[in-house]
Amino acid sequence: MYLLEFCKMLDKSAIGTAIRESSLLFPVIEGVHVLALALSVGLILITDLRLIGVVLRKRPVSEVWEQFFPWMMAGFAVMFTTGFLLFWSHAMAAYNSMAFRVKLLLLILSAANAAVYHLTVYRKMDRWDTALIPPAGARLAGWVSLIFWAGIITMGRIMAYTF
Amino acid sequence: MATIFPFFEWCEKTALFRVISTHESLFPALETLHLFGLVLLLGTTVILCLRLLGVIMAKQPVPELAGELANYTASGLALMLSSGALMFVATAVRNYSNTSFWVKMMFLAAALIFHFAYFRKVIRMDDLGMARWHGKLAAWGALILWFGVALSGRSIGFLG
């Protein structure tokens, strides 16, 4: 199977082996991965809570989004880079881990949730931007995102036990 | 420190220790809750620090933003301290000889004192009445101390 071959190749590669066997590299990359949670998921959390209509209600949704966006992206850039390096070093363990599969699935689903939100409610944002409580579609996108991210963190934590 | 070692031993004789160590899934569950708390506490702290440094939400007064986020910061702190205390009880004796644990406790004590004695006062100050260096000091101090707690905490399991 293609995916299996790819994981085997990563696992055996010099870089993968170097990270896995280094007593300092792996902990440092993982430490950065956990710390960047504050910036990535931390900002997602407050953005979702604004969509649900419970925080920063006096500020337009678009303003909260624009102000947070560059920092959120910086956080996610760090998350994906460090996450990929961690995967690289344990590709076979990850391949065989149910928690890792669920984590990936939840990441894809939260991207889909964001895409659906951007293609639907977000397009009519000029009508509800300043609403204290955004419309049902936006609130739903906020809740779904919160639940998925809670799941992603949980799966990430469980997954580490299988390595 | 020899005088407080009996406390660490006593922790492992409690019913709480037995419960956490006999249920395999409890410790990972506590770690997960600890991470949820981190997202709440550090997420809101990072937002406030960026605001104090003047890089985001410049239109919103600091005390107003602080008031909006206060409940989430407090919930995050409560979640972290309670899940952290339970994990401590479950690994007390191992923690005693773990350098990272003691470094984390130093950072935690400093971060808590800084937060309650200074940071919280600065974020409630009126923008106009606040000297700019207060904002910068509060922001950098909080970032360094809380990330110090997180990093040394992460190394408890790795470096010992």
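Which residue lies over the face of A:Y95? In this predicted model, the residue is A:R101, placed 5.2 Å from the ring centre.

Chain B is helical in its assigned elements. It has 7 helices and 0 strands. From the N terminus on, the order of elements reads α-α-α-α-α-α-α. The C-alpha trace of chain B spans about 55 × 30 × 25 Å along its principal axes. Of the 160 residues in chain B, 49% are buried. Contacts within chain B were also sorted by sequence separation. Among those between residues at least 6 apart in sequence, 78% join residues at least 24 apart.

The surface of chain B was examined next. Its accessible surface comes to about 8100 Å². Carbon and sulfur atoms account for 71% of that area. Chain B carries 12 positive and 8 negative charges.

Aromatic pairing was then considered. Over all chains, the count comes to 20 aromatic pairs. One of them joins B:F7 and B:W10, with ring centres 6.1 Å apart and planes at 25 degrees. Planes under 30 degrees apart count as stacked, so the pair of B:F7 and B:W10 is a stacked one. Both residues lie in helix α1 of chain B, which covers residues 5–11. They are 3 residues apart, about one turn of the helix.

The two partners fall into separate exposure classes under the cut-offs used. B:F7 has a relative accessible area of 43% and is partly exposed. Ring pairs link B:F7 and B:W10 into a cluster with B:F5, B:F8, B:F88, B:Y96, B:F101 and B:W102.

In chain A, A:I29 was taken as a further site. This residue is found in helix α3, which covers residues 25–35 of chain A. Is A:I29 buried or exposed? Its relative accessibility is 11%, so A:I29 counts as buried, the cut-off for burial being under 20%. Leaving aside residues up to four places away in sequence, A:I29 touches A:I19, A:T82, A:L85 and A:L86. A:M79 was compared by C-alpha position. A:I29 and A:M79 are 50 residues apart along the chain, and their C-alpha atoms are separated by 9.9 Å.

Conventions:
Residues are numbered from 1 along each chain as its sequence is written. Chains are lettered from A and ligands numbered from 1 in the order in which they are written. This is a predicted model: local features need pLDDT of at least 70, side-chain atom pairs count only at pLDDT 80 or more; totals for chains, interfaces and linings use all residues. Side-chain values use heavy atoms; hydrogens and water are left out. Rings of Phe, Tyr and Trp (its six-membered ring) pair if their centres lie within 6.5 Å; planes under 30 degrees apart count as stacked, over 60 as edge-to-face and the rest as tilted. Helices (H or I, at least four residues) and strands (E, at least two) are DSSP runs, numbered from the N terminus. Buried means under 20% relative accessible area, exposed over 50%, partly exposed in between (1.4 Å probe, protein chains only). A charge sits over a ring if NZ of Lys or CZ of Arg is within 6 Å of the ring centre and within 35 degrees of the ring normal. Contact means heavy atoms within 4.5 Å. Accessible areas come from the Shrake-Rupley method with a 1.4 Å probe; for residues, only the protein chains shown count as cover. Lys and Arg count as positive and Asp and Glu as negative; His and the chain ends are not counted. The place of a charge is taken as NZ of Lys, CZ of Arg, CG of Asp or CD of Glu.
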